[in-house]
Amino acid sequence: MPASRLESVVLTPRVIVVPEGVALATTTSSITTAAVTQNSRLLDFWITVPQSGTHAERNRAEEQDMADFVLIPGMCHGGWCFDPVAEQLRQHGHRVHALTLSGISERADLLTSTVNLDTHIQDVVDVLVAERIEDAVLVGHSYGGMVVSGVADRVPERVDSLVYLDAVVPEDGDSCWSLVPDEREWYLDVGETGYAVPAMPFFDPRATDHPLASLLQRIRLTGDAGRFRRRDYVYATLWEGESPFTSTYRRLREDPTWTVHELESRHNLMRDAPDDLLKILLRSLEEPARTTGRQ
């Protein structure tokens, strides 16, 4: 509009109230002046006002509802073994960190005789620190139970709850060697290296050798494992022969500080019972159900 014509226009103020969180194309502050409309001769003031249930508030609420699942695989496996469950957890709006430990699978180049349980515990601690995770739901499968226990003891301030999937649940001074004696022959089948336990022939093709030292090293636990919001144990019932975790299952089933579940599945729960496992993981976000016996 030419300056001469602009001077002759009589402007009528009009206030337009816009809820906070609604995007405006031309806004630089809470009150901004729009262009003069040639046809209406109105001067618009856009005012954003706070209201309950705004986009920002809803986003904050959704953020609070998100959980950080940190998934730790068993021997010889990488984080990929959790893929069937991890994707579903993400679809429910949660953050998922499926980790591969040092010396295994895509990190096999790090395998040496010095990679031990402490190495794997530190792997996870480093992720919690780097990702600024302060309320982790630690999930460990099989050997991963050793790692979960060590991480929770080392950085309890970063852990919300623990879930053991057909896993070892160590006490101070335990090791996989002491807890699973039936597997010792396998552990010692280290071949020429003297430190690489071979993956079983029926494992996923991506599985690789596992560091022997991580199975022999005794864990050191100094804190009270009952301090966490919740501890869940998932027991697989379809082992050929007796499960090496039967004694652990029976012990925890009688402990009211644990929530124990049975799944009609083989040991690889993530592959063979992903939907049932998903339900248990989502339920673990609820307040503790201090119930003795199976769930």
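Helices (H or I, at least four residues) and strands (E, at least two) are DSSP runs, numbered from the N terminus.

The model is predicted: local features need pLDDT of at least 70, side-chain atom pairs count only at pLDDT 80 or more, and totals for chains, interfaces and linings use all residues. Residues are numbered from 1 along each chain as its sequence is written, and side-chain values use heavy atoms, with hydrogens and water left out.

Helix H5 spans residues 144-154. Ten of its eleven residues are buried, so H5 is largely enclosed by the rest of the structure.

E4 is itself mostly covered, with five of its five residues buried. Its side chains point in two directions. Asp-68, Val-70 and Ile-72 point one way, while Phe-69 and Leu-71 point the other way. In a regular strand the side chains alternate between the two faces of the sheet. E4 also has a partner, strand E5 (residues 95-98). The two strands pair in the parallel sense over four bridges. Strands count as paired if DSSP finds at least two bridges between them. Within this pairing, Leu-71 stands opposite Ala-98 in E5.

Val-125 sits in H4. Val-125 is buried because its relative accessible area is 7%. Leaving out residues up to four places away in sequence, Val-125 touches Val-151, Arg-154 and Val-155. Val-125 and Val-151 are 26 residues apart in sequence, yet their C-alpha atoms are 6.3 Å apart in space.

The term means a side-chain nitrogen of Lys or Arg within 4 Å of a carboxyl oxygen of Asp or Glu. Arg-154 forms such a bridge with Asp-118, and the closest N and O atoms are 3.4 Å apart. Asp-118 counts as partly exposed because its relative accessibility is 35%.

A search of the whole structure finds ten salt bridges. One of them joins Arg-230 and Asp-232, with the closest N and O atoms 2.7 Å apart. Both of these residues are buried. Another joins Arg-271 and Asp-272, where the closest N and O atoms are 2.8 Å apart. Arg-271 is partly exposed because its relative accessible area is 48%. Asp-272 is partly exposed too, because its value is 27%. Arg-266, Arg-271 and Asp-272 are linked in a network of salt bridges.

Pockets were searched next. Rolling a probe the size of a water molecule over the atoms shows where empty space is left. On a 1 Å grid over the protein atoms alone, a pocket is an open set of points with protein on both sides within 12 Å along at least five of seven lines, and lining residues have an atom within 4 Å of a point. Grid points are joined across faces, edges and corners, and a volume is the space filled by probe spheres set on the points.

The largest pocket has a volume of about 900 Å³. It is lined by 33 residues, and Phe-202, Phe-203, Trp-239, His-267 and Asn-268 lie nearest its centre. Helix H7 (184-187) and helix H10 (269-272) are the elements that give two or more residues to this lining. H10 gives the largest share, three residues. The lining of the largest pocket divides into 18 nonpolar, six polar and nine charged residues. Ala, Val, Leu, Ile, Met, Phe, Trp, Tyr, Cys and Pro count as nonpolar, Asp, Glu, Lys and Arg as charged, and the others, Gly among them, as polar.

The second largest pocket holds about 300 Å³ of space. Of its 22 lining residues, Val-169, Pro-170, Leu-221, Ala-225 and Arg-231 are the closest to its centre. The largest share of this lining, three residues, comes from H5.

Conventions: Buried < 20%, exposed > 50% of the residue type's maximum accessible area, 1.4 Å probe, protein only. Contact = heavy atoms within 4.5 Å. 1 Å grid on protein atoms, 1.4 Å probe; cavity = no way out; pocket = protein on both sides within 12 Å on 5 of 7 lines; lining within 4 Å.
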